[in-house]
Amino acid sequence: MNDCYIMLQYFAYGANLNKDRFIERCPSGKLISVATLEKYELVFNKKNRRRFDLGFANIIPSNNSHVEGILYKISEDDFISLDRYEGYPEDYDKQIFQIRKKDGESLAWVYTAKKTVNGLLPAKNYLDNIIDCKLLSDDYKKKVKSVFNFLQWFKRSKKIYDPFHKFEDLWKSFNGYASVVFKPVAKKENPGVFISENLIIKTIKKSEKIINIYKELLENQDFNNALKAFRKTIHKDEGYYIIRMDNGNKVKFNDINNFGQFIQNIYQIRCNIIHGEKIPYGTNDQKIVEAAYEVLEKFLIRLFEPCIQ
């Protein structure tokens, strides 16, 4: 593919779905049609230069998916300006794709990210920019919006009184987030293997992004106090109360700086509850679950911050 502008049709699928904003950037821009790119999927793995935990829109091959967007026509001068705005050729590459319109097929330039990072989600206002585009189908917008479904469990956990149900809903929110962000990573790293919840947890433990957030929170006094209180509740004499359900061993938490130990304990509490090892109205069990909820909630507030703002 050479760099000469053999055509001036451009397919937008991210921020430039906002027509008014796009016309500000490219005054010659004219909306031609809503359009679809087949066998591709919308993801948010484009690295954000300013925030390591936020992602911008990108497309990746996917045989059973499609990407909806807007087809614009712009002048060559505006296309050069658009290159600068999109960060071409450093951040994005561009290719000509066959796009499907209502009245047939057409060719258009499409930007694809060069610098991608696994485990990213968009900021809420960025996602809203896509969802608010009236030209996209309701089914497509519902699918795009579904990346934030995990937030519903997070919100519901705040409205429940029972500590066991509160913790379970909070875990569901984290598990939903992990399925969106880390399940694809686990699939890529373990081709042909069933992606279990335990395998996703192992993938999360290696995430530089998550580890950095945990280290950042260790400097926060409220989180640190909650973490120490949680660690105290699970400590029993020379051992620990939390049991691994897969092998019956006690789960250690002897290093407060170790994210892997922290998340393994939280995960096993979830497993203990599901398999009946932790019971309601058991005085110590309830204290453990309540302390686990407090520290997990503080962790998720920080983790979900970009999705809530």
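Visitor: What does the chain average for pLDDT?
Guide: The average is 90, and 96% of the residues score at least 70. This is a predicted model, where local features need pLDDT of at least 70 and side-chain atom pairs count only at pLDDT 80 or more, while totals for chains, interfaces and linings use all residues. Residues are numbered from 1 along each chain as its sequence is written, and side-chain values use heavy atoms, with hydrogens and water left out.

Visitor: OK, and how many helices and strands are there?
Guide: The chain has 13 helices and seven strands. Its C-alpha trace spans about 75 × 40 × 35 Å along the principal axes. Of its 309 residues, 50% count as buried. Buried means under 20% relative accessible area, exposed over 50%, and partly exposed in between (1.4 Å probe, protein chains only).

Visitor: Back to strand 1. Is Gln-9 buried or exposed?
Guide: Gln-9, which sits in strand 1, counts as buried because its relative accessibility is 13%.

Visitor: What is Gln-9 in contact with?
Guide: Leaving aside neighbours within four places in sequence, its contacts include Ile-32, Leu-71, Tyr-72 and Trp-109. Ser-106 is also one of them, and the side chains of Gln-9 and Ser-106 make a polar contact at 2.7 Å. A polar contact is a pair of N or O atoms within 3.5 Å; within protein, one must be able to donate a hydrogen and the other to accept it, and residues adjacent in sequence count only if both atoms are side-chain atoms.

Visitor: Which side chain does Asp-83 have a polar contact with?
Guide: With that of Tyr-111, at 2.5 Å. Asp-83 is in helix 2, and it counts as buried because its relative accessibility is 6%.

Visitor: Switching topic: where's the cis peptide bond?
Guide: It joins Tyr-88 and Pro-89, with omega about 5°. Pro-89 lies in the loop between helix 2 (76-86) and strand 4 (92-101).

Visitor: And what's up with the phi of Lys-39?
Guide: It's near 60°, a positive value in a residue other than glycine. Lys-39 is in strand 2 (residues 30-47), and it counts as exposed because its relative accessibility is 51%.

Visitor: Last one: at what angle do helix 9 and helix 10 pack?
Guide: Helix 9 (residues 208-218) and helix 10 (residues 221-234) pack at about 95°, with their axes 7 Å apart. That makes helix 9 roughly perpendicular to helix 10, a label for angles of 65 to 115 degrees. Axes here are lines fitted to C-alpha atoms, for helices over the stretch in contact, and angles run from 0 to 180 degrees between N-to-C directions.

Visitor: Which residues meet there?
Guide: Tyr-214, Leu-217 and Leu-218 from helix 9 meet Phe-223, Asn-224 and Leu-227 from helix 10.

Key. Helices (H or I, at least four residues) and strands (E, at least two) are DSSP runs, numbered from the N terminus. Angles under 35 degrees count as roughly parallel, over 145 as roughly antiparallel, 65 to 115 as roughly perpendicular and the rest as oblique. Contact means heavy atoms within 4.5 Å. pLDDT is the predictor's confidence in each residue, from 0 to 100.
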